[in-house]
Amino acid sequence: MKFYNVKLLTVTCEILAQKNIIEILKKHEITGYTTYEVEGNGARGLRGQGFKNEKNVKVEIIMREDKLSDIVEEISRTMFANFAIVLYVSDVGVVRTEKF
Amino acid sequence: MEILQLIQANLLTPIILFFLFGIIAARIKSDLKIPEAISEFLPIYLLAAIGLHGGIEMRNAGFENMLIPMVVAIGISLLFTLNHYQILRRLGKFNLFDSYALASTYGAVGAVTFSVGLSFLKNQGVTSEGYLAAILAVLEPVSFIMAIFLTNMAVAKQIRAKKQSFTNDDVSDIEMGLQETKTKLSQVLHESITGKAIVILLGCIVIGYIIGEEGFTSIKIVFDGMFTGAIVIFMIEMGIIAGQRLDDLKKVGIFLISFAIIMPTFNGVIGVLVATAIGLSLGGAVMFGLLLASASFIAAPAILRHAIPEAKPSLYITSALGITFPYNIIILLPIMFVVSSIAHDVEGSIDLFNYITQDWT
């Protein structure tokens, strides 16, 4: 089977920043993403204790390479300073490239 | 003397004991935890119970007498928020964002604190006006809206000043910044008004108003009989969260710690006196004072993280939850109760005096 190369952008951030991420995606016309609640430790301390508000969330977005740098640029510019956030990009293969 | 006795008695009530127990559990690093679904459910339940009671009592007492206390509460809440900002910015030397975030956290109301207050009054055998639940709902977004508006104004001013100094700068970028602050405010308005706390509270006030005392009898066992018990369970969770945050107190600094104690005391006592002056009952004045004294720690992060993301959440959550909440429910409630009793006594004697002089003339 033939796999097409696309990018997987993974963002781990505080749950209250999830909305910002999704708004940025919307602005770049990306509607597909997957989120799940996670816990962990990082520069801003242990996350995930206490109220639901203080949990972390992991957002996975598969996209074509041409949109990637704009989105990453916007996330870094608007969110890195104020939120607990980590992002990384990986190469993945998909079967139906027209979906992304 | 009376105050100390009341504080001592208050310390030994189930609510406070369970709260302290939660703190101890967190300090000894126990894995005790209230399941997430329950700790999310309990605030909704508490607000539903408060709303239902409020609605039923408003049906009995009518809306008219609610208007003045509500307007007064909104006015005082706004004034206090401005006052907090000045103190934090000038004396505390916090930056603009932290000052506004903290000012609004302390200007806003705490629903959990409100529930504890109701159960404290129940314990003392005193009732309070039901419409205070409606004031709780209205006060919730007020101080956030103002703080966010003022923050955005200040930011816009800074951007404009920069624009003037670099006339050849990228104008579109600056306009975008101005636009962003505008949309932010409407988003916050929408978010705070459709937020679950206000929706459940207002919804239950309406339902309580419709069903009245009669309709309530069938659900009384859940929303009346279990109220204090539910708070007690929630207090374990609150204690655990507060206990986990005790380490962060060092980061908060001595200024904010004293602010988190002195400010609620000042606000609360003023609130009690004002409420007495506009004719609220003994219990009502305590609850009115508590509304103004309490700080928001569940709604605040959800709103402020979006509206003022530059502000450090560790400051406003830790001070509101780790210091002000325990202080309010353990020490300030009895103080306000005593102040309210004295104020009502004094007013009672004045009334009596007037009555007698009227009789004489």
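This briefing describes the structure shown above, chain by chain and then at the interface.

The structure is a predicted model, in which local features need pLDDT of at least 70, side-chain atom pairs count only at pLDDT 80 or more, and totals for chains, interfaces and linings use all residues. Residues are numbered from 1 along each chain as its sequence is written, while chains are lettered from A and ligands numbered from 1 in the order in which they are written. Chain B holds 16 helices and zero strands; helices (H or I, at least four residues) and strands (E, at least two) are DSSP runs, numbered from the N terminus.

**Overall form of chain B**
- The radius of gyration of chain B, taken over C-alpha atoms, is 22 Å, close to the 21 Å from the globule rule (2.2 Å times the number of residues to the power 0.38) for 361 residues, so chain B is as compact as a globular protein of that length.
- Along the principal axes, the C-alpha atoms of chain B fill a box of roughly 75 × 65 × 45 Å.
- Of the 361 residues in chain B, 45% are buried, meaning that 20 or more other C-beta atoms, placed from the backbone, lie within 10 Å of the residue's own.
- Among contacts in chain B between residues at least 6 apart in sequence, 87% join residues at least 24 apart; a contact requires C-beta atoms, placed from the backbone, within 7 Å.

- Beyond its neighbours within four places in sequence, B:L291 contacts residues including B:A73, B:F114 and B:L136.

**Residue B:A48**
- B:A48 lies in helix α3 (residues 36-61) of chain B and is buried, with 20 other C-beta atoms within 10 Å.
- Not counting residues up to four places away in sequence, B:A48 touches B:I200, B:C204 and B:F223.

**Strands of chain A**
- Strand β5 (residues 56-63) of chain A is joined to strand β1 (residues 4-14) by eight antiparallel bridges, and A:E14 has A:N56 as its bridge partner in β5(A).
- Strand β2 (residues 34-38) of chain A also pairs with β5(A), antiparallel over five bridges; pairing requires at least two bridges found by DSSP.
- The partner of A:T34 in β5(A) is A:E60.

**Interface**
- Nine residues of chain A are in contact with eleven residues of chain B.

Key: A residue is buried if 20 or more other C-beta atoms lie within 10 Å of its own, exposed if 12 or fewer, and partly exposed in between; C-beta atoms are placed from the backbone. Two residues are in contact if their C-beta atoms, placed from the backbone, lie within 7 Å.
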